[in-house]
Amino acid sequence: MSTGRVNPDRINADRINDKVTGLILAGGQGRRMGGVDKGLQMFRGKRLVDHVYARLAPQVGGIIINANQNHDAYKTFGVRVVSDAIGNFAGPLAGLHAGLSVSRRPYLATVPCDSPFVPEDLVERLMARLNESGAAIAVATTGGRPEPVFCLVRRSVLESLTIFLKSGGRKVYDWYASLPLVEVDFDDQAEAFSNINTREELASFEAGMTQKETTAAATAVAPVTAAAAAVERLSPPSAAAPTDVVSRDTLARTATRDALARVVSCLDDYDPNALKVEKAREVIRSFLTPVATNEKISVRAALGRVLGEDIISTLDVPAHDNSAMDGYALRHADLKPAQDTELRIAGSAFAGRQFAGKLGKRECVRIMTGAVMPQGADTVVIQEIVQIEGDKVRIPAGQKRGQNRRLAGEDLAAGKPALKAGQLVGPAGLGLIASLGMAEVSVRRRLRVAFFSTGDELASVGSVLKPGEVYDSNRYTLYGMLSRLNCDVIDMGVVRDDPASLERALQTAAADADAIITSGGVSVGEADFIRELLAKLGEVVFWKIAMKPGRPMAFGKIAHAGNEAHFFGLPGNPVAVMVTFYQFVRDALLALSGRTDDYALPLLQVPCTCSIKKNPGRTEFQRGRLARDERGQWSVCPAGAQGSGVLRSMAEANCFIVLEHERGSVSPGEPVQVQLFDGLI
Ligand code: AMP
Ligand code: MG
């Protein structure tokens, strides 16, 4: 490969490239390199950013560098250096936003500062497909996966990006999803997208050169194929595939890396091998990043969604003073305090048809529920207690001023919040929104949850069971539970117990989802290789929780291709999956989906009619059946066999009997706490 076109001093002024500004993203924190400024790290005798600049400059009309520190060091190119406008280190979209805000050319091409082998025809190929397709953004892909920070965008996307960032969005894929996007295949030079995230990676690339290219050492950038060769040579056959050595997660929100280790190290009483239920909940709670992107949808579609913004009332509800009853509207001052009063009926008022005139002295108006109060009237007397004589009504003494009248704005006053951001929209919320005349409402985007079952013994429904196989039921249970929570579900099927398949599945899920749920494979015998795998892909802790059922569980985050997903590794036993889901995952998903109202499941106390054996030292979640006895009193009893694989008793139960950590056996008649499976709304 020739390096003849690489000329850092030549910025094109006369070709299509003049329409393109190149943006080098150097605004990260370089966490995985120990918090250094990555662009300034030395590699083959030059800084990483020098390599990138040299590759990008010939392809564009000018360059901007996005950096959040060491501006002087980046200014050596004599180009504009810009910081993020929305807080430092907020991720690549913040860098893109900063670049787009100052760029004047109609297109902008981005590359990361840690990819020294940027393809020499990157911009040309992205441009060809962008124009051909009319899309707003062209993204390079390798091996079918996007390289999300190697892209070409039209300047016009600035507005959509600004709105996205303002609404709290940070994830590259979320923003991409809102745009017409075209992918451009670069499989022919996949290695050119390699990026250098860690000191080890930096060292392996250096070593690759010293072993093979001593003669080329003085020249600027080594051919990309040499880098790939270096990776292959330096990876022992049993270790990770090349893509792991050269990690692709440039975009990963590295700020959260190591955070889980920090959280658990700060906890008193943290024992991963006998973790109390409440402690596990505490760790999970403190490690969640809720979605922040909003979308506008029609009112009906908002049922079960989380409000993205406060709903501020634009009008008074009700809009006018009106009658709460059928009767007679009158002026209270006309009534005699201690005697009946006779008033003349001046007309009538119906809901939707108001009395046109004004009440004269000692007059009243026949009024129906919901009708606007006539001018001058302040009180309604119900029809049942009056006497009618011709066009006169006799009103008994003892009426209170303002009775049976609803005041304008009594339900909701203009300018006041009717519903708060973070609240779930239920049937009442739908009605309330409609009562304000709103046709659309802003809600958080749905949470994307990917899930799969693991196990060599699992057979899919519809197939014939071979000896030793069981049907995969967990995926159906999970589908049901996730659908009830109104998540977007990504069913990834069954994954075999082999490291390569699991790694692929986890990476695919991590690139796309907000949360990943797996079942099986976290029990003692199986945890080891998964533990190694997960340590490579992200940050995950393994727990033995002091509970029954559902002892083993893993939790953390996994990053891939610029996205980071929360990870819940549930046990394999079907009931343990449901119990751990409801006791840990449910609340976590609701928090992730943006809920800020109180969504804790209520615990109710009822007598238990049976005896239950239990030892103190773990929390038990027995399947129970809450029922009424002949006197109409509610009580509970365990529902059938309690083995952690017995799904049938789960299907027969209608509640969990929650037996607290310290509690011993239960005798008949003792009160216990229950958690209902079904809610009213
Ligand atoms: P594991 O946690 O993978 O050791 O699995 C524990 C038990 O749960 C084993 O008996 C598995 O066969 C069973 N199991 C695991 N995954 C599933 C599944 N998806 N559907 C039904 N049973 C499962
Ligand atoms: Mg298994």
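I take buried to mean under 20% relative accessible area. The model I have open is predicted.

**Entry: Lys361 and Asp334**

I looked up Asp334 with that cut-off in hand. Its relative accessibility is 8%, so Asp334 counts as buried. I then asked which residue pairs with Asp334 in a salt bridge. The partner is Lys361, and the closest N and O atoms lie 3.9 Å apart. I traced both residues along the chain. Lys361 sits in the loop between β14 (341-349) and β15 (363-367). Asp334 sits in the loop between β13 (327-330) and β14. The two are 27 residues apart, and I noted the pair as a link between distant parts of the chain. Is Lys361 buried or exposed? Lys361 has a relative accessible area of 69%, so I logged Lys361 as exposed.

**Entry: Glu670 and Arg663**

I moved on to Glu670. Glu670 forms a salt bridge with Arg663, with the closest N and O atoms 2.8 Å apart. I checked accessibility at both ends. Glu670 has a relative accessible area of 27%, so I put Glu670 down as partly exposed. Arg663 comes to 16%, and therefore I put Arg663 down as buried.

**Entry: Arg475 and Asp472**

I looked up Arg475 next. Arg475 forms a salt bridge with Asp472, and here the closest N and O atoms are 2.6 Å apart. I found both Arg475 and Asp472 buried.

**Entry: salt-bridge total and a network**

How many salt bridges did I count? The count comes to 35. I also picked out a network of salt bridges. It links Lys171, Asp174, Arg445, Arg448, Asp512 and Asp514.

**Entry: the largest pocket**

I turned to the largest pocket. I recorded about 1,500 Å³ of space in it. I found 48 residues lining this pocket. Which of them are closest to its centre? I listed Arg484, Leu485, Arg586, Gly679 and Ile681. I then sorted the lining by element. The elements that give two or more residues are α12 (427-435), α13 (474-484), α16 (574-592), α17 (647-652) and β35 (671-676). Which element gives the most to this lining? I noted α16, with five residues. I got 28 nonpolar, ten polar and ten charged residues.

Definitions and conventions: Residues numbered from 1 in each chain as written. Chains lettered and ligands numbered in written order. Predicted model: local features only at pLDDT ≥ 70, side-chain atom pairs only at ≥ 80, totals over all residues. Heavy atoms only, no water. 1 Å grid on protein atoms, 1.4 Å probe; cavity = no way out; pocket = protein on both sides within 12 Å on 5 of 7 lines; lining within 4 Å. Points joined across faces, edges and corners; volume = space filled by probe spheres on them. Helix = DSSP H or I, 4+ residues; strand = E, 2+ residues; numbered from the N terminus. Nonpolar A, V, L, I, M, F, W, Y, C, P; charged D, E, K, R; others polar. Salt bridge = Lys/Arg side-chain N within 4 Å of Asp/Glu carboxyl O. Buried < 20%, exposed > 50% of the residue type's maximum accessible area, 1.4 Å probe, protein only.
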